Amino acid sequence: MTTSRALSIVPEPEPRPVKLSFRGVGKSFTTGTGTEVAVLDDVTFDVRTGEFVCLIGPSGCGKSTILNLLAGLERPDAGEVALDGRPILEPGPDRALLFQDPALFPWLSVRENVEYALRLKGLGSDEIRETAASWLAKVRLSAFADVQPHELSGGMRHRAALARALACRPEVLLADEPFGALDAQMREILQKELELVWTELGNTFVFVTHNVREAVFLADRVIVLSARPGSPIEEYRISTSRPRSFEDVLVAKVVLDIHEHLAKEVRRAAREEGL
Amino acid sequence: MSTSRRRCGALHAKRVFDRIWPRVALLATILLVWWAVYETGWIDPSKLPSPADVWNAFTSNITGSDGLLPAARGSIIRLAFGLSVAVVVGTLIGFAMVASVVVQRSVGTLMTALQALPSIAWLPLAIVWFGFTERAVMFVVFIGGVPAVAIATAISIRQVPPTLIRAARTMGAKGWTLQRTVVLQACVPGYWTGLQQAWAVAWRALLAAEIIRVGAARGLGHLLEASLLQASAEDTAMLIAVMGVIVVIGLAIDSFFSVMDRRIRSKRGLLVPA
C-alpha cells in the first residue's frame with residue numbers, strides 16, 4: 001500500500017529488529033452528540049529499534065491517538081499495538097511521552113520533577129540524586145535545579161520535561177508536537193538538542209508533528225497519514241547524513257514533496273466533506 | 001553592599017507601610033465618625049456608647065469568669081474541634097463523590113442542598129435532639145463546615161489538569177501512587193480555598209448557637225447574649241467590645257488561611273503579582 005522512496009544512493013543498513021508495531025489498528029471515539037467517529041482505520045506500520053520516525057498528517061488525522069496507543073494510555077478497538085512483539089496494555093517507564101505542554105508538576109522544583117520519574121522506578125536515593133543532576137546538566141539546567149517550573153522560560157520548561165522523560169532511560173521516546181507552542185528560533189534550538197540526545201542514547205523515537213521541515217530535519221523515516229480516519233499513505237526514507245541542513249538539495253526536495261502530498265490530501269478530504 | 005541592603009530594608013518598610021495604611025485610615029475614619037456622632041448627643045448613650053466606653057468595657061472585662069479571654073478560648077476550642085471533625089468527614093465525602101458517580105449524584109446533591117440551608121436553621125432541630133448542650137453546638141458547626149469541605153474537595157480533585165495525570169502515568173505511576181503523588185498534590189490550592197470558606201461558615205454557625213445560649217461553657221456568643229439583658233450603657237459598650245473581639249479573631253484566622261494560600265499559590269506560579 002505504501003511506497004518507500006530512497007532519497008540517496010546509500011546501501012540500505014542491516015535491518016534492525018522491530019521495536020514497535022501497529023497491525024491493522026482501528027480506533028473510534030463517540031462524540032458528545034453520540035455519533036461514532038473513526039479516527040484510525042486499519043493502520044499498519046513498524047518502527048525498528050533505534051529508528052527515528054516522524055508521523056505527519058492533516059490535523060485531526062489521529063496522530064496523537066497513535067502516540068496514546070503506543071504509550072498505553074488508550075487501547076485499540078481493532079488490531080494490535082505491540083512493543084517487542086508483546087501487546088501494549090498499559091503505560092510503562094520503558095516508554096516516555098513528551099507533550100506539547102511540558103506538564104511539569106508545579107508543586108515540585110525542577111530537580112524534584114526529574115527525580116519523580118526515578119523515584120517511581122524505585123532507585124536508591126543516591127542514584128536518584130546523581131542521575132537527576134547529570135540529566136539536568138545535559139539539558140543545561142543545572143543552575144535552575146532548585147527553581148519552581150513556573151520560573152523557567154518556555155524553552156527551559158521543555159528541556160526540563162525532556163530531562164524528566166529521559167532520566168528513566170526509556171527504550172522508546174514518544175513526542176506529541178513537543179515544540180508546537182514555541183517560536184521558530186527556540187524550536188530549532190530544541191530540535192538540535194533533541195537530535196543530539198537521540199544520537200547519544202540511540203532510543204527508538206516516534207515524533208508527531210505537523211511541521212514538515214521539522215520532520216525531515218529529524219527523522220530517518222517520515223510517515224504521511226491521510227485525513228480522518230488516518231492511515232499511512234506515503235512513506236519517505238531520509239538517509240541524508242546528520243546534522244542536516246535545509247540547504248541540502250535532497251532535504252529541500254523532500255520537504256517540497258511532502259508539502260505537495262499533504263496539500264493534495266487536505267484538498268481531497270475537503271472535497272469529500274463537500275467543502 | 002551595605003547600601004543595597006539598606007535600600008532593600010527601606011523598600012520592605014515601604015511595602016509594609018503601603019499594606020497597612022489603608023486599614024489604619026479606615027479604622028481611624030470609623031472611630032472619628034463614631035466619636036463625632038456620640039459628641040453631638042443625638043443618640044442615647046445606652047444605644048451608642050462612646051469609643052472610650054467600649055475600650056473601658058474591653059479592658060475591664062478581659063479576665064474573670066465572665067471575661068473575654070475565657071470566652072474567646074471557649075469559642076476557639078469549639079471551632080477547632082467542630083471544624084476538625086467537619087474537615088475529616090467532608091474530605092472523605094469529597095473523595096467518595098469523585099470515586100463514585102452514584103455517590104456524586106446522591107450525596108453530592110445532598111451537600112449542595114445543605115449548603116443552601118443556613119447552618120443556623122439547623123439549630124432548633126439540634127436543640128430538639130441534643131438539648132442546650134455542647135453536642136448541639138458541635139453539631140451545628142459540623143453541619144455548617146461539612147458541605148463546604150466536601151464540595152471543595154470534589155471540585156479541586158476534578159480540576160486536576162489531565163495532562164499532569166497523563167504525564168505521571170507515562171512515567172509508570174498508577175493506583176495509589178498516582179493519587180498520592182499527583183492528584184493529592186495538584187488539588188491543594190482548590191482544597192485550601194474550600195477550607196477557607198468552611199471555617200467562616202463554621203465560625204458564624206458557632207456564634208449563632210452561642211447567642212441563643214446553647215452549650216455549657218462560656219463563649220463569645222454567650223457574652224453577647226448576656227450583655228443584652230439590661231440594655232444599660234455599660235452593657236451596650238460590652239456588646240460592641242465583644243463584637244470587636246469576634247471580628248479581630250476572625251481577621252486573625254482569615255489571615256492565617258490567606259498567608260498559607262499565598263504560599264501555596266506562589267510556589268506553583270498561580271499568584272498574579274500585584
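This is a predicted model: local features need pLDDT of at least 70, side-chain atom pairs count only at pLDDT 80 or more; totals for chains, interfaces and linings use all residues.
Is Arg140(A) buried or exposed? I started my notebook here, and Arg140(A) counts as exposed because it has 12 C-beta neighbours inside 10 Å. (Buried means 20 or more other C-beta atoms within 10 Å of a residue's own, exposed means 12 or fewer, and partly exposed lies in between; the C-beta atoms are placed from the backbone.)

Residues are numbered from 1 along each chain as its sequence is written, and chains are lettered from A and ligands numbered from 1 in the order in which they are written.

**Entry: loops of chain A**

I found Arg140(A) in the loop between helix 3 (125-138) and helix 4 (154-167) of chain A. (Helices, H or I with at least four residues, and strands, E with at least two, are DSSP runs numbered from the N terminus.) From Arg140(A) to Pro170(A) I count 30 residues in sequence and 20 Å in space, C-alpha to C-alpha.

Next I looked up phi. Most residues other than glycine have a negative phi. Asp84(A), not a glycine, has a positive phi near 55°, and it sits in the loop between strand 5 (78-83) and strand 6 (86-87) of chain A. Asp84(A) counts as partly exposed, because 14 C-beta neighbours lie inside 10 Å. Glu177(A) also has a positive phi, about 45°, in the loop between strand 8 (172-176) and helix 5 of chain A. With 18 other C-beta atoms within 10 Å, Glu177(A) is partly exposed.

**Entry: helix 1 of chain A**

How many of the nine residues of helix 1 (residues 63-71) of chain A are buried? I get eight, so the helix is mostly covered. Among them are Lys63(A), Ile66(A) and Leu70(A). Gly72(A) follows this helix, with a positive phi near 85°.

**Entry: domains of chain A**

Chain A is divided into domain 1 (1-9 + 48-74 + 86-94 + 170-275) and domain 2 (105-169); such bounds come from an automatic or database domain assignment. Their centres, taken over C-alpha atoms, are 26 Å apart. I see 11 residues of domain 1 in contact with nine of domain 2 (contact means C-beta atoms, placed from the backbone, within 7 Å). Helix 5 (residues 184-201) of chain A gives the most to the domain 1 side, five residues. That side has 11 nonpolar, no polar and no charged residues. (Ala, Val, Leu, Ile, Met, Phe, Trp, Tyr, Cys and Pro count as nonpolar, Asp, Glu, Lys and Arg as charged, and the others, Gly among them, as polar.)

Lastly, the contact between the chains takes 14 residues from chain B and 19 residues from chain A. Helix 7 of chain B gives the largest share of the chain B side, six residues.

Key:
Two residues are in contact if their C-beta atoms, placed from the backbone, lie within 7 Å.
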